[in-house]
Amino acid sequence: MASLATLFSLQFSFQRPSTRRFLSRFHHRYDSFKHRKDWVRRRTLLPVLSSSDGTNQDTQPEPESISTPSSSSSSSSSSSSSSSSSPSISSNSTYTLCAALGGIGFVETAYLSYLKLTDSAAFCPIGGGGCDNVLNSDYAAVFGVPLPLIGMVAYGLVGAVSLQLAAKKLPFGIDESGGRLVLLGTTTSMAAASAYFLYILNTQFSGVTCSYCLVSALLSFSLFFATLKDFGLDESRRRLATQIIMAGIVFFTLSTSYGSLPISRSAAELDLPYFETELTKPSTPLAISLAKHLQSIGAKMYGAFWCSHCVEQKEMFGREAAKLLDYVECFPNGYHKGTKIEKVCSDVGIEGFPTWVINGQVLSGEKELSELAEISGFSADGIS
């Protein structure tokens, strides 16, 4: 009976453990499960931490295509700063174009400056004597400074700055941004001046063609639009106020310079009846012999009654010899608004007055008697 009670107590104690023992066993199993879970996690992370060459197939590559807004903005700002710091191909081509156009304008204005300083007749392929009419008018100077000389300085500045911008070697510590502003200001002033002179040519020299004026205007506008295109629309809008101020200064300066000129002094408003200028210088035997020789070979002198160079050419021969010359007047009916040159003169291709035609050779401008003698084959032996 005692043994039966003992067995019953043992079975009961095995089936119903105490609460303290039950909790202890639960914590032990929980700790072991947590330990295995951490071990599994470390095991799965171990290849990722240990594989530095990225050859493990279980690892997932980091997404390189995903970028944060800050990284994208920084990359875009760096790319924009790099693009702004280095000039584009279009900028270099613009500088080259401006340098070429500036060089052409410099050569043209240098030639006109030489003619102005030496008081020589201009070679005018179109318009006959119209070039001389414009280039020798009161509008050919600004406050006494010859206009071709001002143009030569402007074109030279554009060409020099463009070359310096293309070579990235600006003087006086000027950066590229400052050089571009100088280029824009200069071309804006030149375009404004050309627009003003085209207005003068159309209103004060109606019916007169000046090929040099038209070429200069074409070069100025081409330089302006090329520079404006290089700046772009947005930056050009920001510089619009500066351009308007530059153009206003040019218009004010020219209007002030020409404001005191009487309108009737322009070639377009002249109403000149034909007149003859009396020669006062007597002729030498050599001049008379040369005049007879020129007449005998059919040499002709073309001129205009209002042309001072023609009068000076006749004065070289003197009164008597000048009457022997075969002289052709290109405006026998006077000069009025819209008057055209005589057909006999336009057929020859008059480029300026006076014009000589000797043995089929067309010579423009005044000529010394010795030069006329050499060209015509005149021998002065025995003539004193």
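1. A salt bridge is taken here as a side-chain nitrogen of Lys or Arg within 4 Å of a carboxyl oxygen of Asp or Glu. The model is predicted. In it, Lys300 and Asp326 form such a bridge, with N to O at 2.7 Å. Lys300 is in strand β3 and Asp326 in the loop between α13 (319-324) and β4, 26 residues apart. Lys300 is partly exposed at 29% relative accessible area, and Asp326 is partly exposed at 29%.

2. The whole structure holds 5 salt bridges. One of them joins Arg180 and Glu235, whose closest N and O atoms are 3.7 Å apart. Arg180 belongs to helix α7 (residues 176-204) and Glu235 to helix α9 (residues 233-238), so the pair ties together parts 55 residues apart in sequence. Arg180 is buried at 14% relative accessibility, and Glu235 is buried at 18%. A network of salt bridges links Arg180, Asp230 and Glu235. The charged end of Arg180 also sits over the ring of Phe231, 4.2 Å from its centre.

3. Asp347 and Lys343 form another salt bridge, at 2.9 Å between the closest N and O atoms. The two are 4 residues apart in helix α14, which means a separation of about one helical turn. Asp347 is exposed at 52% relative accessibility, and Lys343 is exposed at 60%.

4. There are 15 aromatic pairs. The ring centres of Trp306 and Tyr335 are 6.0 Å apart and the planes stand at 75 degrees, so this pair is edge-to-face. Trp306 is partly exposed at 25% relative accessibility, whereas Tyr335 is buried at 8%. Elsewhere, ring pairs link Tyr139, Tyr196, Phe197, Phe251 and Tyr258 into a cluster.

Note on methods: Residues numbered from 1 in each chain as written. Predicted model: local features only at pLDDT ≥ 70, side-chain atom pairs only at ≥ 80, totals over all residues. Heavy atoms only, no water. Phe/Tyr/Trp six-rings, centres within 6.5 Å; stacked < 30°, edge-to-face > 60°. Buried < 20%, exposed > 50% of the residue type's maximum accessible area, 1.4 Å probe, protein only. Lys NZ or Arg CZ within 6 Å of the ring centre and 35° of its normal.
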